[in-house]
Amino acid sequence: MSWRASLSLVCLLPAGPVIACAADAKADKVSFAEQIVPLVSRYCTDCHHGEKAKAHLALDQWKNEAAARKDTQTWEKILHKLQAREMPPKKKPQPNTDEMATLLRWIEGDVLAVDCTLNKKDPGRITIRRLNRVEYNNTIRDLVGVKFQPADDFPADDVGYGFDNIGDVLSMPPILLEKYLAAAEKIVAAAFKDPELRKRIVLQEPAADNKNRRETTRKILENFARRAWRRPVTAEELQRLGGFVRQAFERGDNYDRGIQLACTAVLVSPNFLFRIEADFEPSNPNAIRPINEFELATRLSYFLWSTLPDDELFELAGKAQLRKNLDAQVRRMLRDPKACELTENFAGQWLQLRSLANMTPDPGRFPNFDEPLRSAMRTETEMFFEAIVRDDRSILDFIDADFTFVNERLAKHYGIPGVKGDQFRKVKLPDRNRGGVLTQGSVLLVTSNPTRTSPVKRGKWILENLLNAPPPPPPPDVPELKEGPELKGSLRERMEQHRVNPTCAVCHDKMDPLGFGFENFDAIGAWRTKDAGYPIDPSGVLPDGRSFQGPAELKAILKSQKDQFARCLAEKLLTYALGRGVEYYDRCTLDQIVHGVAKNDYRFTALVLEIVKSEAFQYRRGKK
């Protein structure tokens, strides 16, 4: 993500860009002394200079270009700020389009360039991260078997890079520590009240003599802690856990109470609450190492299942055979019912399905919308995603496909005949106007306003989620589209009047044609040919000159951008898999992933396999 330039610099490859570049990629080499230094001086060093530099970011510290280019961490921060339009501050002078292009081209092309021919690539460093609420609930379910979901009472997880499993934003507020202790006590108490659940922890009853009881206790605690901590347990750790049982006896408590105290300690340990991958070689903090097989099993299980490894993964890791059987294990895991978590947690955030519950279409304008229809929309998209995963279909089906899943309620809404009952079933679509996630009610609803469609939101959604080309934030103080009498005509005509400002037109020229291509679908996803009495015009011309006459032709154009979409989806799935944002040094990894996916007909399983076999997934760098 961090190497992407702002929208004005984005090129969509390969068959001819959908979005034109404002800056030619083959432009002359940027001069640090003659171009970069004056720009930084003009727009940045007023705040960022000397010992009192704001944010401790001094941009007058480098004696020459060589020194500046070595400071990749600083330039990476600058790149993030420029892309987000957080720097320079809004009240300060702003670089124009050409100046911004020059800065970004030098940072990306000179400072943050990577050599993909190197044998050892930078795999990045994943921040130690706690289990998010979903992962906590699932892990407790598979570890202990209780029916309730204790993490539902935890504070909401923060989101970074579009997902809620990112280590850098999964903070630990003090209240969460209290919640963890209360949840652990409740979980263990519930498990010991249920004879079947108790057997999952107390593998065998203790013998009467002290020696055998100690051995039984060791086995019970070692098994529980090994699974909970997702790795072998050391003798010292077992000794400490056994101390809880001994203390219980000394107080006159029974055996079960001692085991309960030890299990509670396991569940509030950082080894359970956090996914910890230890660094080594303290003399070389930049050392790159392969993660061990238990760490690999954990990365794999939380990626595909959002829970701890199962017995088969543990067994292979214990024998150091997981890497040798990675293909077979990935395919097994994707067939397992627990792979539904990939739909719920990855697709739910990538496609913004979680926002569906908050959408409130105007009941006056959309009286046919109700909760069963909302639920059906989400089910359709989830079943569609699951079908692509389960049947190992092409990821290009996300853009356009000739099938979907509907029940009678949704089929009637779409105008699909012959579907009766509440049960969902796979249907072949009657024409190519509808097909793929862009024409499903869930996506159409979350990209609309309560009273009308929003070509801007729909175009922005396509740029962000399918083309990996998110537009920059709008300039400050840009007014919303007015609905009053001063703007007349169809929505397209009103928007053209609204964006006469050239500053607005720069981005709208890229977003609006994409959004208007789906204008035949109203704000709740029903097909229409008129809007407020005006005929719908779903045609458009993209910045590269290619034209289309409606959703079917626009989808065909988008689907022709195979590698562009594959790279977009690969970046999002890699971000989700790693729990960190994709950085400039991941460019080679993404190149490799896209190449491997293309060689395998863009199959979903190929995408997952390329990710889990990548150095970013299999290796870890020490802290710089």
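My entries below go from the whole chain down to single residues.

**Entry 1: confidence and overall make-up**

I started with a reminder to myself that this is a predicted model. The mean pLDDT of the chain is 88, and 89% of its residues reach 70 or more. I then looked at residues 1-27, where the pLDDT is below 50. That stretch still has 92 contacts in the model beyond near neighbours in sequence, and I have flagged those contacts for myself.

Next came the inventory. I counted 26 helices and ten strands in the chain. Of the 624 residues, 55% are buried. The chain exposes about 28700 Å², and carbon and sulfur atoms supply 51% of that area. I also checked contacts between residues at least 6 apart in sequence, and 69% of them join residues at least 24 apart.

**Entry 2: cysteines**

How many disulfides does a search of the whole structure find? I got one. This disulfide joins Cys116 to Cys588, with an S to S distance of 2.0 Å. Cys116 sits in the loop between helix H4 (97-111) and strand S1 (129-130), and Cys588 belongs to helix H24 (residues 587-599), so the bond ties together parts that are 472 residues apart in sequence. I read the torsion about the S-S bond of Cys116 and Cys588 as about -90°, so this disulfide is left-handed.

Are the two partners buried or exposed? Cys116 is partly exposed at 35% relative accessibility, whereas Cys588 is buried at 6%.

I looked at Cys44 too, which is in no disulfide. The nearest cysteine sulfur to that of Cys44 belongs to Cys47 and is 8.9 Å away. Cys44 is buried, with a relative accessible area of 9%. I noted Cys340 as partly exposed, at 36% relative accessibility.

I took helix H13 (residues 311-318) as one example, and its buried residues are Leu313, Phe314, Leu316 and Ala317. These residues cover an arc of only 165° around the axis, which puts them on the same side of H13. The face turned away from that buried side carries the exposed residues Asp311 and Gly318. What covers the buried residues of H13 includes helix H8 (210-229), helix H12 (293-304) and helix H14 (326-335).

Helix H22 (residues 551-560) was my other example, with Pro551, Leu554, Lys555, Ile557 and Leu558 buried. They cover an arc of only 155° around the axis, and that places them on the same side of H22. The spacing rule I keep in mind is that an α-helix has 3.6 residues a turn, so residues three or four places apart point the same way.

**Entry 3: a loop residue**

I went back to the loop between H4 and S1, where Ile126 is found. Ile126 counts as buried, at 8% relative accessibility. Which residues does Ile126 touch, not counting those up to four places away in sequence? I listed Arg299, Leu578, Arg580 and Arg620. The C-alpha atoms of Ile126 and Phe617 are separated by 9.7 Å, although these residues are 491 residues apart along the chain.

**Entry 4: positive phi**

Most residues other than glycine have a negative phi, and I looked for exceptions. Tyr161 has a positive phi of about 55°. Tyr161 lies in the loop between helix H5 (133-143) and helix H6 (174-193), and is partly exposed at 34% relative accessible area.

Asn468 has a positive phi of about 60°. Asn468 is in the loop between helix H19 (455-465) and helix H20 (491-498), and is buried at 8%. Finally, I noted Ala320, which follows H13 and has a positive phi near 55°.

Technical notes:
Residues are numbered from 1 along each chain as its sequence is written. This is a predicted model: local features need pLDDT of at least 70, side-chain atom pairs count only at pLDDT 80 or more; totals for chains, interfaces and linings use all residues. Side-chain values use heavy atoms; hydrogens and water are left out. A disulfide is a pair of cysteine sulfur atoms within 2.5 Å. Helices (H or I, at least four residues) and strands (E, at least two) are DSSP runs, numbered from the N terminus. Buried means under 20% relative accessible area, exposed over 50%, partly exposed in between (1.4 Å probe, protein chains only). Contact means heavy atoms within 4.5 Å. Accessible areas come from the Shrake-Rupley method with a 1.4 Å probe; for residues, only the protein chains shown count as cover. The arc is that of the directions from the helix axis to the C-beta atoms. pLDDT is the predictor's confidence in each residue, from 0 to 100.
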